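Hi,

Here's the structure I promised to pass on. Have a look at it first, and my notes follow below.

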Amino acid sequence: MRQQMKDLFAQSAADAINQFNYVRLRMFHRHKYRSVVADQYGIEVGGPSALFKTVLPLYRYIRDLDGVNFSNDTVWEGTITAGQNFHYCDGKSGRQYISEATDLREIATEQYDFLLSSNCLEHVANPIKALVEWKRVIKPGGGLVLVLPNKVSNFDHRRPTTKFAHLLEDFTNDIGEDDLTHLDEILALHDLQRDPPAGDLEHFRERSLRNVENRTLHHHVFDVELIKDALSYVGFDMLNVTPTSSDFFALARKNSSVGPGTG
C-alpha cells in the first residue's frame with residue numbers, strides 16, 4: 001500500500017504541473033510566496049512535498065529548512081529518523097523532528113522565519129491547536145505558506161465543507177489526534193474510486209479505525225473562507241489565497257496579537 005500511495009501522490013504532482021489552473025499561481029503570485037522564504041530559515045510540517053519542488057518551487061530559494069513528521073514510519077515517507085535527516089531538495093538537508101503537528105515543544109518559540117505545510121492540516125484532528133503551535137515557532141512578522149486540498153477534485157467531493165464553529169469547538173475541547181468524530185461521515189461519503197490505495201469499503205474502514213497510526217483520514221474539509229477564518233482567529237494576516245481545482249494556496253504573516261492558547 002505504501003508504494004501505491006507514493007506512486008499516486010507522485011502522479012498527482014506530475015499531473016498538477018500540466019494543469020492550466022496553476023498558470024494564475026505561477027504568473028501572478030509565485031513571487032509573493034518566494035519573497036517570504038528566500039534566504040530564510042524555516043520549518044516544514046508534514047513534508048517534504050513534491051509540490052514545493054514543482055508547482056510552487058520554493059525549496060530552491062530557502063537557506064535552511066527543518067522538518068516535522070508525526071511518526072518514524074509514515075505511508076508517505078516510509079521510515080525516517082530524528083536528527084539531521086530531513087532531505088528535502090537536491091542534497092539539501094535539515095533537522096528532522098518526530099512530533100505531532102499540534103505539539104512542537106522541542107522547538108523554541110520564534111525560532112523560524114517561516115513555516116511551510118502542504119496537504120497536511122486536513123489530516124490533523126485539531127487544526128486550530130496545530131496553527132497555534134505553528135504560529136508560536138515563527139518569528140514576529142514571519143511567513144506561513146499553507147496548501148490544502150480542494151475537495152472538488154479529490155475523494156472528499158461529496159462531503160460538506162467544515163464549519164469554523166466546529167474547528168473552534170474541537171480546539172476548545174482539546175480534541176486529540178485519536179479522534180474519530182467524522183468517521184461515519186467519511187465512510188458514507190468518501191469516493192473510493194478516487195482513492196485507489198484505500199481499497200474496498202471494508203479495507204478502508206479497517207485502515208480508518210487505525211488512523212491514529214497511519215493518519216490517512218481527512219478530518220476536515222476546507223474552503224477559502226474556512227482557511228481565512230482559521231488563520232485570522234489564530235493571529236495571521238492574510239497576504240494571498242489562490243484557489244485551484246486541486247488545492248488552495250494560502251500565504252500569511254504572523255501578526256503581533258497574542259492569539260488563542262498563548263496567554
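The outward face of helix H4, the one turned away from its buried side, carries Ala 165 and Thr 172, both exposed (over 50% relative accessible area; buried is under 20%, partly exposed in between, with a 1.4 Å probe and protein chains only). On the buried side of H4, which runs over residues 164-172, sit His 166, Leu 167, Asp 170 and Phe 171. Those buried residues line one face of the helix, because seen down the axis they fall within an arc of 140° (taken from the directions from the helix axis to the C-beta atoms). They pack against helix H3 (127-137) and helix H8 (224-234). Just after H4, Asp 174 has a positive phi of about 50°. Helices here are DSSP runs of H or I, at least four residues, numbered from the N terminus.

By the way, this is a predicted model: local features need pLDDT of at least 70 and side-chain atom pairs pLDDT 80 or more, while totals for chains, interfaces and linings use all residues. Residues are numbered from 1 along each chain as its sequence is written, and side-chain values use heavy atoms, without hydrogens or water.

Leaving aside neighbours within four places in sequence, Leu 146 is in contact (heavy atoms within 4.5 Å) with Leu 121, Trp 134 and Leu 231, among others.

As for confidence, the mean pLDDT (the predictor's confidence in each residue, from 0 to 100) is 90 for the chain, and 88% of residues reach 70 or more. Over residues 1-11, though, pLDDT is below 50, and over residues 13-21 pLDDT stays under 50.

Cheers

Key: Helix = DSSP H or I, 4+ residues; strand = E, 2+ residues; numbered from the N terminus.
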